[in-house]
Amino acid sequence: MILDLRSDTVTQPTAAMREAMAAAPVGDDVFGDDPTINALQERVAAMAGKEAALIASSGTQTNLLALLSHCQRGEEYLVGQEYHTYRYEAGGAAVLGGIVPQPFEVDADGTLDLAAVEKRIKPDDPHFPITRLLALENTHTGKVIPQTYMQQARTLVDKHGLQLHLDGARIFNAVIATGSSLKELCEPFDSVSICFSKGLGTPIGSVLAGDRDFIARAHRWRKMLGGGMRQAGIVAAAMDYALEHHVERLADDHANALALAEGLSQLEGLRVEPAQTNMVYVNFESAEQAKKVSEHLRKHDIVVGTAQRMRLVTHLGIPATAIEQIVAAFRNALAQN
Ligand SMILES: *Cc1c(COP(=O)(O)O)cnc(C)c1O
């Protein structure tokens, strides 16, 4: 068995998930005819406490739909330098929407300094882009963002008449870590994007939730981007299965990340950052050492990245019984490199 710790996106659909996909009633979703899609969208909208929801192929696409639906050409969104919606989506909002990003440094706890954000909200002046949206992220690099902070962000956007979007790719990890409901965590936001292809373990699929008018705009953008999928109920069936069977178990991933951090912190030559939800970051003494350890581990069927600050992610494919084996393999790899 290969233990792949690079990301929770490497999860394989389980046999039971594949069965649910095979059995799903489907229809043409571009006609609005897919019963499995329609049910899943309603279910997620209700869980998130929003009026409506829309399925898309990926989290990049649901985030893009959100930015395009909130902002017009020449309008601006406020965002973190390291947030996915700024750094990891190939500039889609600017390329496809003419939307101007205003990035901020991300603080160590994963938040943006709201006083700094407020200073950059542009007054109504023809020299400036029109500030329209603040885009946040939860979890960010595995860190759960405190809900009190999210409420402060809501107060700020209300003061200035802005919208608030959440990239909640891993929001269910925050649900499990905090014991809050999805609805509670989504409450301050006008829109929320949720990935099912990370810890929830589906092969593809994300959902965007928000009010009815917003989702109607996102629907048109999705069509324009070529994101209308026909008998996609087979994907929605996997997503529905994940809501039933793969949410509570995220607690196992969090426990495994803790155990992994604990085990690795005993090893010489490795600085381990505290585990956050399903992620552990370990720092090697040099980039070269990280690369050599990575190569050594791969020979023992353990797959990790090669960065000097290496991210290890626990998920469906990493059982609790494997943690000891992973720590032992790191110990051997470090001893030899
Ligand atoms: C993975 C991820 C996304 C979306 O990624 P896709 O691979 O396009 O589904 C968005 N935001 C964050 C924080 C992510 O980790």
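1. Glutamate 244 and arginine 43 join their side chains in a salt bridge, with 2.8 Å from N to O; the term stands for a side-chain nitrogen of Lys or Arg within 4 Å of a carboxyl oxygen of Asp or Glu. Because glutamate 244 sits in helix α11 and arginine 43 in helix α2, the pair ties together parts that are 201 residues apart in sequence. Helices here are DSSP runs (H or I, at least four residues), numbered from the N terminus.

2. A quick word on the basis: this is a predicted model, where local features need pLDDT of at least 70, side-chain atom pairs count only at pLDDT 80 or more, and totals for chains, interfaces and linings use all residues. Residues are numbered from 1 along each chain as its sequence is written, and side-chain values use heavy atoms, with hydrogens and water left out.

3. Arginine 43 also forms a salt bridge with aspartate 240, at 2.7 Å from N to O. Aspartate 240 belongs to helix α11 (residues 233-245) and arginine 43 to helix α2 (residues 35-48), so this pair links parts 197 residues apart in sequence. Relative accessible area is 29% for aspartate 240, 26% for arginine 43 and 49% for glutamate 244. Each of these values counts as partly exposed, the class between buried (under 20%) and exposed (over 50%), with a 1.4 Å probe and protein chains only.

4. Aspartate 158 is partly exposed at 48%, whereas arginine 154 is buried at 16%. Returning to the shared partners, Arg43, Asp240 and Glu244 are joined by salt bridges into one network. The salt-bridge count comes to 16.

5. Now the ligand. The residues around it, each with a heavy atom within 4 Å, include Ser58, His84, Glu89, Asp167 and Cys195. By class, this shell has two nonpolar, five polar and five charged residues. Helix α3 (residues 59-70) gives the most to the shell, with three residues.

6. Which distances separate ligand oxygen atoms from polar side-chain atoms? For threonine 60, an N or O atom of the side chain is 2.6 Å from a ligand oxygen. For arginine 170 the distance is 2.9 Å, and for lysine 198 it is 2.9 Å. Taken alone, the ligand exposes 380 Å², and the protein buries 81% of that; the areas come from the Shrake-Rupley method with a 1.4 Å probe.

Key. A polar contact is a pair of N or O atoms within 3.5 Å; within protein, one must be able to donate a hydrogen and the other to accept it, and residues adjacent in sequence count only if both atoms are side-chain atoms. Helices (H or I, at least four residues) and strands (E, at least two) are DSSP runs, numbered from the N terminus. Ala, Val, Leu, Ile, Met, Phe, Trp, Tyr, Cys and Pro count as nonpolar, Asp, Glu, Lys and Arg as charged, and the others, Gly among them, as polar.
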